[in-house]
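Student: I would like to learn how to read the sheets and helices of a structure. Could we go through one together?

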Amino acid sequence: MKKGARHKSTADTSSHVQHHKAEHPEHPEHHTGASSQSTQSKKISFSKNVLITIAVVAIVVIAIVWLLSAKEKTPQAGDKMMIAKVNNDPIYAKDLDQIYTQAQQQGLPVTKEQLLEQLIAKQVLLQEAKKQKFTVTDDDIDKYKKNLESLIGQPIGPLLEKMGMTLEEFNKQTKDQLLITKLVTKLQQDMKVDITDAEVKKFYDENPEYFAVPEQMNASHILVKTEEEAKEILKMLKEGKDFGMLAQEKSTDPSAKQNNGNLGFFGKGQMVPEFEAAALALKEGAISEPVKTQFGYHIIKLHKKEQAKTLSFEEAKADIKKGLQDEKAKEELEVYVKGLVAKAKVEKFNSSP
């Protein structure tokens, strides 16, 4: 995240995605200290900077909780100690401990007190969504599951099994999440947030680092285990075979089946040194000789190079305005949730969770 960010976005689509990425380190940008987000999202643009640093996430108040909690267990004998009640709906100490452990494992700087407040906020939002008669259908849940599977590039079943979660538990958790999302989306649609041109210009003038776009390149690769395989693929490419099709068929990088081997835009320091040096040496449209890295042998095709630049105010204006509108909407949403919590009957037990 860039220096000066005001809000750290904690809402990955789900922790399932992080499990998947950790198990598939074939992208050459892994192990370089770069973010583990998808390579496509590494393209530096003001839109991405603003959305990461100041934008509201639809369920920002509960984002740190959703899908960090591996599952909602039916309390057993040792699980019945309640840490809180929200309008008579219980929150169990063991669930809070479980979420706290997972947050620590993911390096999230939160305390148990903060997580308990998030759980309380989640509960009042869920209760309000039901009160306002929002509904979630089986089709809604199925669509969410398919989108998640498309994102992670594999069926959800094996990941749920690793996490000790049944499909029924996943469906229930997803239903609750979607109910709250529908409520918050409606609230945001009803909000009237005005941003003046003066506010937009002030942000542009005071945050020049957001608009500095470093040199970037867009490339595809085909990754194989041996130099012999790489040379054979290079021969096929010289004979006119399509790069993307060969990436789908031959590459050991699992993402190639979805992106034809395209790594998106990346800058210096985001790829391992051997890969970066080979890509930088290419002209647009050129294909490299086999390049060896710790992952195997790569055939690289450079699509485009973009020189470092600074976005003008006119180029950035629309995204700045949208980001500032999202920021104000987030503040209004937080006020709304605090109001719900204040009206709710909240009982806390063991005040030092």
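**Reading sheets and helices**

Tutor: Let's begin with a strand pair: in this predicted model, strand β1 (residues 82–86) and β2 are joined in the antiparallel sense by four bridges.

Student: Which strand order does the open sheet of three strands have?

Tutor: The order is β2-β1-β9, with antiparallel pairing. At the edges stand β2 (89–92) and β9 (346–348), each with a single partner strand, so one side of each has no neighbour in the sheet. From one strand to the next, the twist averages 20°.

Student: Which strands does α3 lie across?

Tutor: Helix α3 lies across β1 and β2, and runs at about 50° to β2. Helix α4 also packs on the sheet, where it touches β1, β2 and β9; its direction makes about 35° with that of β1.

Student: How should I describe two helices that pack together?

Tutor: Packed helices are described by the angle between their axes and the distance between the axes. Here, the axes of α3 (residues 93–105) and α4 (residues 112–131) come within 10 Å and cross at roughly 120°. The two helices are therefore oblique to each other, and their crossing is right-handed.

Student: Which residues of α3 and α4 meet?

Tutor: On the α3 side they are L96, D97, I99, Y100 and A103, and they meet K112, L115, L116 and L119 in α4. By class, this contact has seven nonpolar, no polar and two charged residues.

Student: Now the open sheet of four strands: what is its order?

Tutor: Its strands follow the order β5-β4-β7-β6, paired antiparallel. The edge strands, β5 (262–267) and β6 (291–293), each pair on one side only. Here the twist averages 45° from one strand to the next.

Helix α10 (residues 243–250) packs on this sheet, touching β4 (216–224) and β7, with its direction at about 45° to that of β4. Helix α12 (residues 273–281) lies across β4, β5, β6 and β7, and runs at about 45° to β7.

Student: What joins β6 to β7?

Tutor: Three bridges join β6 to β7 (residues 296–306), and the two strands run antiparallel. K292, for instance, has Y297 in β7 as its bridge partner.

Student: Where does pLDDT stay under 50?

Tutor: The general idea is that where pLDDT is low, the predicted coordinates should not be read in detail. The chain averages a pLDDT of 78, and 76% of the residues score at least 70. However, pLDDT stays under 50 over residues 1–25 and over residues 30–78. For residues 30–78, the model has 140 contacts beyond four places in sequence.

Methods
Residues are numbered from 1 along each chain as its sequence is written. This is a predicted model: local features need pLDDT of at least 70, side-chain atom pairs count only at pLDDT 80 or more; totals for chains, interfaces and linings use all residues. Side-chain values use heavy atoms; hydrogens and water are left out. Two strands pair if DSSP finds at least two bridges between them. Axes are lines fitted to C-alpha atoms, for helices over the stretch in contact, and angles run from 0 to 180 degrees between N-to-C directions. Contact means heavy atoms within 4.5 Å. pLDDT is the predictor's confidence in each residue, from 0 to 100. Angles under 35 degrees count as roughly parallel, over 145 as roughly antiparallel, 65 to 115 as roughly perpendicular and the rest as oblique. A crossing is left-handed if the near helix is turned anticlockwise from the far one by less than a right angle, and right-handed if clockwise. Ala, Val, Leu, Ile, Met, Phe, Trp, Tyr, Cys and Pro count as nonpolar, Asp, Glu, Lys and Arg as charged, and the others, Gly among them, as polar.
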